[in-house]
Amino acid sequence: MTFRLVYRFGCLLLGWLRLLAQSSAAKDVEILVLRHQLAVLQRSSPKPAFTSGDRAVLAALLRLLGKRHRSAMKLLVTPRTVLRWHAQLVAKKWTYPPRRPGRPAKPEALRALVLRLARENDTWGYRRIHGELLALGWKVAASTVWEILQRAGTIRRLSGPTAPGRSS
């Protein structure tokens with residue numbers, strides 16, 4: 001029991017000597033870190049829950065402390081946790097919003113125009129409609145016109161003996 005008491009006093013004395021060697025700025029930052037941790041502990045239930053603001057404040061304050069001072073302090077989080085918070089912030093900042101794969105959809109006005117031209121001119125094929133669209137200023141491929149007509153059911157695939165180009 002006496003040895004424990006002497007040991008505790010020795011540790012306390014060394015802690016005070018360490019505080020005397022620190023600059024006042026380092027002491028102020030350390031006090032702010034400890035007060036912030038105390039505030040987090042007081043407002044949360046058994047497990048401390050850090051908000052994004054708490055994370056930012058704690059990371060900024062810990063950055064001001066030297067490595068030696070950080071290792072001597074009792075923190076609620078490990079340095080690895082602070083690094084993980086930083087990595088998550090960077091990932092959130094530089095992650096692009098999700099996009100659908102493939103080409104963008106064709107404008108609805110183009111689809112309506114193609115179907116109208118096909119309906120009003122039933123002898124025109126998709127290549128003639130494509131040429132008329134180019135004359136009107138629409139930059140569109142012939143295959144796009146064919147695809148629009150195909151999806152609308154205007155073009156039927158010809159097969160069998162009546163298909164053009166097939167000999168019976």
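Residues 24 or more positions apart account for 46% of the contacts in the chain with a separation of 6 or more, a contact being heavy atoms within 4.5 Å. The model behind this value is predicted, so local features need pLDDT of at least 70 and side-chain atom pairs count only at pLDDT 80 or more, while totals for chains, interfaces and linings use all residues. Residues are numbered from 1 along each chain as its sequence is written, and side-chain values use heavy atoms, with hydrogens and water left out.

The chain holds 8 helices and 0 strands, where helices (H or I, at least four residues) and strands (E, at least two) are DSSP runs numbered from the N terminus. Of its 168 residues, 21% count as buried; buried here means under 20% relative accessible area, exposed means over 50%, and partly exposed lies in between (1.4 Å probe, protein chains only). The chain exposes about 13,900 Å², and carbon and sulfur atoms supply 60% of that area, as computed by the Shrake-Rupley method with a 1.4 Å probe.

The largest nonpolar core has 12 residues, among them Val29, Val33, Leu58, Leu61, Val82 and Trp85. Such a core is a set of buried Ala, Val, Leu, Ile, Met, Phe, Trp, Tyr and Cys residues joined through side-chain atoms within 4.5 Å. Two or more of its residues come from each of α2 (24-43), α3 and α5. A second, separate core of 11 residues includes Leu110, Leu115, Leu133 and Val145. Back in the largest core, which also includes Leu58, leucine 58 is in contact with Val33, His36, Gln37, Phe50, Val77 and Trp85, leaving aside neighbours within four places in sequence.

Thr81, Val82 and Trp85 are the buried residues of α5. They cover an arc of only 105 degrees around the axis, which puts them on the same side of α5, the arc being that of the directions from the helix axis to the C-beta atoms. These buried residues pack against α3 (52-64), whereas Pro79, Arg80, Leu83, His86 and Trp94 are exposed on the other side of α5.

A search of the whole structure finds 1 aromatic pair. Phenylalanine 50 and tryptophan 85 form this tilted pair, at 5.4 Å centre to centre and with 55 degrees between the planes. Rings of Phe, Tyr and Trp (its six-membered ring) pair if their centres lie within 6.5 Å, with planes under 30 degrees apart counted as stacked, over 60 as edge-to-face and the rest as tilted. The partners are 35 residues apart, phenylalanine 50 in the loop between α2 and α3 and tryptophan 85 in helix α5. Phenylalanine 50 is buried at a relative accessible area of 15%, and tryptophan 85 is buried at 7%.

Helix α8 (residues 142-152) has Ala142, Thr144, Val145, Ile148 and Leu149 buried. Seen down the axis, these residues fall within an arc of 165 degrees, so they line one face of α8. They pack against α6 (108-120) and α7, while the face turned away carries the exposed residues Ser143 and Arg151. Histidine 130, in helix α7 (residues 126-136), is buried with a relative accessible area of 17%. Not counting residues up to four places away in sequence, histidine 130 touches Val140, Ala141, Ala142 and Val145. After α8 comes glycine 153, whose phi is positive, near 85 degrees.
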